[in-house]
Amino acid sequence: MRPPERRATGRPRTARTARLLYGASLAAALVVPSAVPAQAAPVPRTPAADGAKGQELPGMPTALDPRAEAVACTPASKEQAKKQDWSRQRLDLDRLHRHTTASGVTVALISTGVDPGAEGLDGRVTAQGQAADDCVGQGTFLAGLIAGAGGPTPRLAGVAPGAKILALRGTDRRGQPDPALVTAAVRAATTAKADVIAVAVALPRKDAALTRAVAEARKAGAVVVASATPEPPSRGSADEIPSRTYWPAGEPGVLAVADMLPAGARPDGALPTEGIDLAAPGAGVVSGGPRGKGHYLGGGVAVATAYTAGAAAAVRATHPEASADAVARRLTATAYPADIPQLDAYAAVTTVLGDTGAPVGGAERAAEPVAVRDTSDTDRATGRAVLFVLLGSAGVLSLLWAGFALSRARARGWRPAGAGTPDRG
């Protein structure tokens with residue numbers, strides 16, 4: 001590089017201007033990347049599904065107050081979401097549905113029950129007796145995540161919108177888990193030859209009858225997916241609860257699932273446990289309920305369990321020859337590597353696995369977790385931000401250069417550059 005011209009004093013005459021120009025360029029360089037989503041990190045959208053209006057949706061409870069004298073069921077939502085939430089984009093459901101909707105697969109959902117007539121589930125839910133009465137609403141919410149068609153908003157469909165739901169009650173009417181009900185539900189799912197069994201509750205103590213029921217379900221060929229922990233307590237701190245194993249997630253061969261936030265971390269206050277196999281979206285998730293056509297926001301370990309069960313159904317539909325253990329291996333082998341592997345539903349269906357169960361080089365799968373697959377709005381916003389930054393930086397540089405040129409012209413007595421020194425003779 002050629003050294004700068006020097007004045008008689010020996011100092012670079014452009015030093016100050018160069019520093020200013022460098023500072024402006026550095027500022028632009030720091031601002032521009034911040035406006036562009038990093039390729040290696042997920043860029044979550046707001047959990048409120050109607051981003052433009054900032055619409056808020058009512059929350060879906062995981063259980064009702066057990067101390068209340070009367071049971072007041074969760075009321076119908078009057079609000080409807082207009083856009084996909086981050087979880088569906090993270091799982092790349094738009095592309096997944098071009099490969100499969102899991103038609104012909106049956107998922108047994110053990111939760112608070114499912115309303116057979118709920119929006120987007122018509123004709124694909126089997127629920128008998130108490131299982132058809134979902135007072136809490138969570139079971140119907142989860143069924144929408146597994147197999148909902150999205151109703152008037154198809155992009156809010158579940159992971160496996162062609163699958164059938166076998167609704168089974170594993171709780172009392174208020175949503176409190178009951179070991180005897182869970183055991184009976186697992187046995188009923190096995191008798192019905194369900195392809196996937198989703199246990200959306202977690203019990204604190206091992207139960208011999210439940211252990212036998214799960215073993216029989218796996219022997220019959222069902223993929224068993226279960227919540228790794230209960231939901232954290234509404235009172236007190238989860239930090240005070242020691243790490244422990246919950247059931248039936250702790251049974252051999254059961255996929256234990258935990259919830260994660262958009263950034264991939266577990267929520268604050270999540271109950272500690274060992275042996276988690278997968279993490280799946282479990283915060284700010286949109287789905288329907290048992291009453292009305294509105295939407296709710298929900299979250300928690302049960303939500304993550306439902307998403308994983310839907311992914312298992314999609315794998316069973318596209319790989320019908322695979323055993324239950326092979327389906328579970330596919331879900332974990334294609335997950336995004338992290339402290340807790342993160343479910344990648346699209347990769348689970350499309351990735352080619354070798355004999356060892358590891359993805360084959362060059363196979364089609366995501367290289368990193370992508371929270372926003374449909375990025376049209378984000379791209380437009382990013383483009384505007386980058387354009388604004390570039391124009392602003394160009395303006396700053398122009399002003400600095402104009403100031404420099406003005407000072408140089410004044411020093412030359414306003415003569416054109418290159419003109420000789422006036423004759424003082």
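Start at the S-S bond of C73 and C135: its torsion is about -110 degrees, so the disulfide is left-handed. This is a predicted model.

**Stop 1: the disulfide**

Select C73 and C135 and show their side chains. Their sulfur atoms lie 2.0 Å apart. A search of the whole structure turns up one disulfide. Now colour by secondary structure and trace each end. C73 sits in the loop between α1 (15-35) and α2. C135 sits in the loop between β2 (125-127) and α4. The two cysteines are 62 residues apart, and the pair links distant parts of the chain.

Are both ends buried or exposed? C73 has a relative accessible area of 30%, so it is partly exposed. C135 has 1% relative accessibility and therefore counts as buried, the cut-off being under 20%.

**Stop 2: helix α4**

Step along the helix: Q138, G139, T140, F141 and L142 are among the buried residues. G144, L145 and I146 are also among them.

Next, bring up the surroundings. Which elements cover α4? Among the helices, the cover includes α2 (86-90) and α7. Among the strands, it includes β1 (106-111), β3 (164-169), β8 (285-288) and β9 (295-298).

**Stop 3: α7 against α8**

Select residues 301-318 for α7 and 324-333 for α8. Their axes come within 10 Å and cross at roughly 120 degrees. The crossing is right-handed.

Show side chains at the contact. α7 contributes T308, A311, A312, V315 and R316. α8 contributes A324, V327, R330 and L331. By type, the contact residues divide into six nonpolar, one polar and two charged.

**Stop 4: P232**

Finish at P232, in the loop between β5 (223-227) and β6 (255-260). P232 has 38% relative accessibility, so it counts as partly exposed. Draw a C-alpha to C-alpha distance from P232 to V301: it reads 9.4 Å, although the two are 69 residues apart in sequence. Then look at the partners. Which residues does P232 contact, leaving aside its neighbours within four places in sequence? They are G269 and L271.

Note on methods:
Residues numbered from 1 in each chain as written. Predicted model: local features only at pLDDT ≥ 70, side-chain atom pairs only at ≥ 80, totals over all residues. Heavy atoms only, no water. Axes fitted to C-alpha atoms, helices over the stretch in contact; angles between N-to-C directions. Helix = DSSP H or I, 4+ residues; strand = E, 2+ residues; numbered from the N terminus. Left-handed = near helix turned anticlockwise from the far one by under 90°. Contact = heavy atoms within 4.5 Å. Nonpolar A, V, L, I, M, F, W, Y, C, P; charged D, E, K, R; others polar. Buried < 20%, exposed > 50% of the residue type's maximum accessible area, 1.4 Å probe, protein only. Disulfide = S-S within 2.5 Å.
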